[in-house]
Structure formats: C-alpha cells, structure tokens
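Trainee: I would like to learn how to read a structure like this one, feature by feature. Could you walk me through it?

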Amino acid sequence: MGGEVEQAAVSLSHRVPDLGALELLLAVARLGSLGRAARARGISQPAASSRIRSMERQLGVALVERSPRGSRLTDAGALVTDWARRVVEAAEAFDAGAQALRGQRDSRLRVAASMTIAEYLLPGWLIALRARRPGTAVSLLAGNSSVVAERLLGGEADLGFVEGLEVPMGLDGTVIGHDRLVVVAAPSHPWARRRKELTAAELAAAPLILRERGSGTRQVLDAALARHGGLAAPLLELASTTAVKAAVVSEAAPSVLSELAVGEELTARRLVEIPVRELRLARELRAVWPAGQRPAGPARELLGLTRGAS
C-alpha cells in the first residue's frame, strides 16, 4: 500500500501545473493580456505563451483565447483560474508559515558545551556570531560531555560541543579541532623537582585531583591509563576546571587538565607541566547534534566559525 500512495503522489505532480504556471494564468485573468501578464511575471511574451500552451496540453483543455485585442479566458480557463487562485493562496499561507518557523528558529540559539570549550573557546566564537547575527539571542549551558548529550537528545539545545573520545550515542558530529591534556602540579610539589620523567604507571597510581566521571577530560584519562593499571582513587573529584586548578595551585595534589585551560597558569609559573613517558593524551574537540538533524540557521553559522579550533 505504501508503494501505491507514493505512486499516486508522483502522478499528481505530473498532472497538476506548477505554481509558476498557475500564477501566470492568474495574471492573464487579472490583466486581460498575455503580454502584460508576461511583463508582470518578469518573463518574455513567447515564454509566457509557451507556458500557457504547455499547461493546456497538461490539462487537456484550452484555457486562453488569443486575439489582436488581447487574451481572454475560455469557460474552462475561468474555472481553472478559480481553482488556481485557491492553490496559490494555500501556497502563500504555506510560505508565510515556513518564514515564521525560520524566523523563530533564527531568533535564538541554544548551545550546550563541555566545560573546557565553554570557558576557553566558545566566548570568541559567540562574539563573532553576534557580529553576524545581532538579532539572535544565544543561551549557553556548560556541563560535562554527558550533560551535553542529554540536553541535545532532550531537545533542550540546538548545538553541542564535547571533548570525549567519541560521539555520544544518538548524536552525529564533526571534529572541529584538537586539544592535549597535560599533567600539572604546583611548583613546590615533588614531581616539579624530579629530573626523570614521570611514568604512566606512576601517574595512574597517584591520588590526583580530577574532573568528575562523565567529563571529556576524565574519559580520555581513564582510557589512556587503562593499560597502566587504571586510575587510583582520586584525592578529589570536582565538577569545575576552575575549581580543579585552584586546588592544584594550593598544593593539594597534581591533576590532568586541558592545555587550553592551564596556559595562563603555566606562563605565570603558578603551575608547572610534568612530562610523562609512554602516555599520549591528545583528544579531538567535536561539535555534535541529534542524529539525522543537520544544524541550520544560527547553529550552522556557529559551526562554521569553529573550524580549526585548538
């Protein structure tokens, strides 16, 4: 039955004239001349004549009688014109509704982003978007990668950004840049004074200050240290990168954080980077959205501004 419905829809599109032809017929009825109707529609008179003849062949009836004094509708043409007017009015209502939907979509943008991207990359992107779309109101929800996925799947965000190892289930995404996790400690910590590089096993065995489970940073670290015995129980688990940095600066314990997040502290020597052998902590930054729903409007424009993030 599904095939029959599809076939009927295809056949109807072949039997019914397109909107342009119907609008031309209405112009002939309104202006009383094929030439004036052609000019009103922005086409040549031969093109208008050809289009009317094509419509007459399609419908199997004569619609317009042509004479030196002008053009007038046949009886069948007058009837078809009445039907055409209703079709065009319905199409105009359809178009107005579609424009309203686009306007509603373009008036706001809801973004969900994991903490590192929200704090260190998104502000610049949103400033650039504001310059292009001053009328778009933007709201930003910052949370870990799991929260970003929940917001997108729940219809509470239009576009998301995550830092984990892979695209969360139920979402599509694209890589927009790359990041590196670094081991950091206070300058007074013993690791900052050692001459030999730290080993991955030593890092795994140490009680660290870490982001919570579900964060992209934690996912990458857990995966990287799985072959080295897995992470020891953390000294502290904190839901904010800023809180983690403050705890490390206060000499509580080392941590593993995004290079983006600790650049200022490393430059000012409030933190030092601890080299680690046998460990690769690179990760991809991704834009994500619900599977099968490509970003549109302001979300698509913001996505374009993020290319090459690092």
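Predicted model: local features only at pLDDT ≥ 70, side-chain atom pairs only at ≥ 80, totals over all residues.

Trainee: In which element does T217 lie, and which residues is T217 in contact with beyond its sequence neighbours?

Mentor: T217 lies in helix 11. Setting aside neighbours within four places in sequence, T217 is in contact with T116, E163, L181, R211, V256 and R283.

Trainee: How many residues are in the largest nonpolar core, and which touch the most other members?

Mentor: A nonpolar core is a set of buried nonpolar residues joined through side-chain atoms. Here the largest one has 21 residues, and W191, L203, V256 and L279 touch the most other members. Strand 6 (171-185), helix 10 (200-205) and helix 11 (216-225) each give two or more residues to this core. Helix 11 supplies the largest share, 4 residues.

Trainee: Which residues does L279 contact, apart from its neighbours within four places in sequence?

Mentor: L279 is in contact with A200, L203, A224, L225 and H228. There is also a second, separate core of 20 residues, with L122, W125, I176 and L285 among them.

Trainee: Where are E251 and R269 found, and are they buried or exposed?

Mentor: E251 is in the loop between helix 12 (241-249) and strand 9 (255-258), while R269 is in the loop between helix 13 (259-267) and strand 10 (272-273). Exposed means over 50% relative accessible area, so E251 counts as exposed at 51%, and R269 counts as exposed at 56%.

Trainee: And the chain as a whole: how does its radius of gyration read against a compact globule?

Mentor: A compact globule of 310 residues would have a radius of gyration near 19 Å, but this protein chain has 32 Å. Its C-alpha trace spans about 100 × 45 × 25 Å along the principal axes. The chain has 14 helices and 11 strands, and buried residues make up 41% of its 310 residues. Among contacts between residues at least 6 apart in sequence, 74% join residues at least 24 apart.

Key: Residues numbered from 1 in each chain as written. Heavy atoms only, no water. Rg over C-alpha atoms; globule rule 2.2 N^0.38 Å. Buried < 20%, exposed > 50% of the residue type's maximum accessible area, 1.4 Å probe, protein only. Contact = heavy atoms within 4.5 Å. Core = buried A, V, L, I, M, F, W, Y, C linked by side-chain atoms within 4.5 Å.
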